[in-house]
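Please walk me through this structure. I am new to it and would like a short tour.

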Amino acid sequence: MEPMAIVSIFVLAVFVGFEVVSKVSSTLHTPLMSGANAIHGVILVGAIIVADHSSTNLELGLAVAAIVLATINMVGGFVVTDRMLEMFKGNKK
Amino acid sequence: MSRTLYDLVGLAAGVAFILALKGLSHPKTARRGNLIGAFGATLATLVVFFYANPGSSLPLNNLGWILGAMVVGLLVGVPAARKVQMTQMPQLVALFNGVGGGAAALVAIVEYLHLGAEATTAEVVFTVFTVIVGCVSFSGSVITFMKLQELMTTRPVIFPAGRFIIAATLVSVIGVGGWVVSALGTTPLLVLAGLSLLFGVLFVLPVGGADVPIVISLLNAFTGLTVAASGYVLDSVLLIIAGTLVGASGTILTRKMAEAMGRSLFGTLFGAFTAKPQDASGSAEERPVRSGSPDDVAILLNYARRVVIVPGFGLAVAQAQHTVRELADMLIAKGIDVAYGIHPVAGRMPGHMNVLLAEANVPYEQLAEMDEVNPTFGQTDVAIVIGANDVVNPAAQTSPGCPIYGMPILEVNQAANIIFLKRSMRPGFAGIENELLYDPKTMLLFGDAKASLTKVVSALKAL
């Protein structure tokens, strides 16, 4: 991809990231951190791509380890965030 | 699947992540936001299986290995997330973050081995960045996990000449990073990974217990940036968007947390370089304290007009949320004004106590935030501090130089009477002595929070 296009995506995403969480109350700091944590679990996509083109056993072994870790991060992250937020339900008007 | 369609689905997942973060910032939409995020991540993962990368074909090579590894990840991650006690949730989040950082570092190493001499300088630079930051995030998160799980001391670990060792490690990490870029070899890359892991450990060791959540949040933002850098190397717009979003929002969140705790972000981050060994004197005290019986506490409460309950981590550990609600309900039935004073970092992380009390069905309107409740302590007859310590420690206001100085506290020392429910005289998570325990208007009720509260409830019934 064009380097300039990548820089543009990066800069715009930085501002979107700043903007979307700018008004969060301290009550939600923990679930928000946990949710953001789950989102970076999409490194799983990267781990699958490198596993696909691994040509040696060393590469494949490391890629498989990366898939295991990334899956734990992503799936575990979303599940634990949901459990936290479930506690809040019923107390809100 | 064409590249255009593949990128469009990636874009859709990126939008889902933006909506997820947006949703997670508001109480009403938080749960839906998380589900939207999970949907985006699932979509992004599924679509990889239907796109053949240039020079590759479908189905993906090593498909069995890929699916098998995902199943293993599911079998570890889901039960861990389902079964964890809410009190131990912060360390689980730390651990999840660490394995994410580890995964990003591994992906970068594999891609580096794969590209070999064909890698462009830009790709190598991004790989070096990902390996360094991913490894720091991994080993740093493991140390935060051990601190929160109390597998090691929660006090800052400071050793002689520590800051020189840390600075030297950082310099060698950067030096070896330059070596990898210029020499392109497997050995330099592995040395780099090892040194980065070491730096992560050294970076987090001097952080005191109270600052651990800030560090977790920061490492979370770091991991986001490594994902973005991997996106560049792997030519994936989705990874760039998702990683940057987490990096940026995580940075803001870290700053907000530091503000809520009254900590200087700079001081926390560079504590490793500035920390000096502290003298351990002043802790072995044999000063008199006033301890009372459950009956004394019940009588005090019975004649109060306003009671503020200050819950801390000890309450959660003793699983006393339900008993404390029973006590509050009884006091309310007697016409006593009852509020819960919630410190922003009560528990182990900002918002953690709200989660724990919500679990016990405490009505949301009885929870008062610190700014709301502090001006009312002057009119409060009894403040009951249950398993909290650092968040009510007046040293945060009065003794410059103590590790929590400057942290906003719940001013229970303004109340007419203070009751501390404590297991022992052991200091709190930050490891600092609390003067308030020796205050003449303080009464201590020793024992397990739940057992003590149950006794107070029955004593109150007998009155």
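This is a predicted model: local features need pLDDT of at least 70, side-chain atom pairs count only at pLDDT 80 or more; totals for chains, interfaces and linings use all residues.

Residues are numbered from 1 along each chain as its sequence is written, and chains are lettered from A and ligands numbered from 1 in the order in which they are written.

Start with helix α8 of chain B, residues 212–233. Helices (H or I, at least four residues) and strands (E, at least two) are DSSP runs, numbered from the N terminus. α8(B) has 22 residues and reaches 32 Å from its first C-alpha to its last. That is close to the expected 32 Å, the expected span being 1.5 Å times one less than the number of residues. 22 of the 22 residues of α8(B) are buried, so this helix is largely enclosed by the rest of the structure. Buried means that 20 or more other C-beta atoms, placed from the backbone, lie within 10 Å of the residue's own. After α8(B) comes Asp235(B), with a positive phi near 60°.

Next, the record. An unreviewed UniProt entry carries the annotation "transmembrane region" for several stretches of chain B, including residues 35–52 and 237–254. Such annotations may be inferred rather than shown by experiment. In the model, residues 35–52 of chain B are 78% helix, with end C-alpha atoms 28 Å apart. Residues 237–254 of chain B are 100% helix, and their ends lie 25 Å apart.

Now the two chains. The contact takes 96 residues from chain B and 77 residues from chain A, where contact means C-beta atoms, placed from the backbone, within 7 Å. Several helices of chain B each supply at least two residues to this side, among them α1, α8 and α9. α9(B) gives the most, with 19 residues.

Finally, the sheet. In chain B, 6 strands form an open sheet in the order β3-β2-β1-β4-β5-β6, with parallel pairing. Two strands pair if DSSP finds at least two bridges between them. β3 and β6 of chain B each have a single partner strand, so one side of each is left without a neighbour in the sheet.

Look at β5(B), residues 417–422, where 5 of the 6 residues are buried. This strand pairs with β4(B) over 5 bridges. Leu421(B) is the bridge partner of Ile386(B). β5(B) also pairs with β6(B) over 5 bridges. There, Ile418(B) stands opposite Thr442(B).

How values were computed: A residue is buried if 20 or more other C-beta atoms lie within 10 Å of its own, exposed if 12 or fewer, and partly exposed in between; C-beta atoms are placed from the backbone. Two residues are in contact if their C-beta atoms, placed from the backbone, lie within 7 Å.
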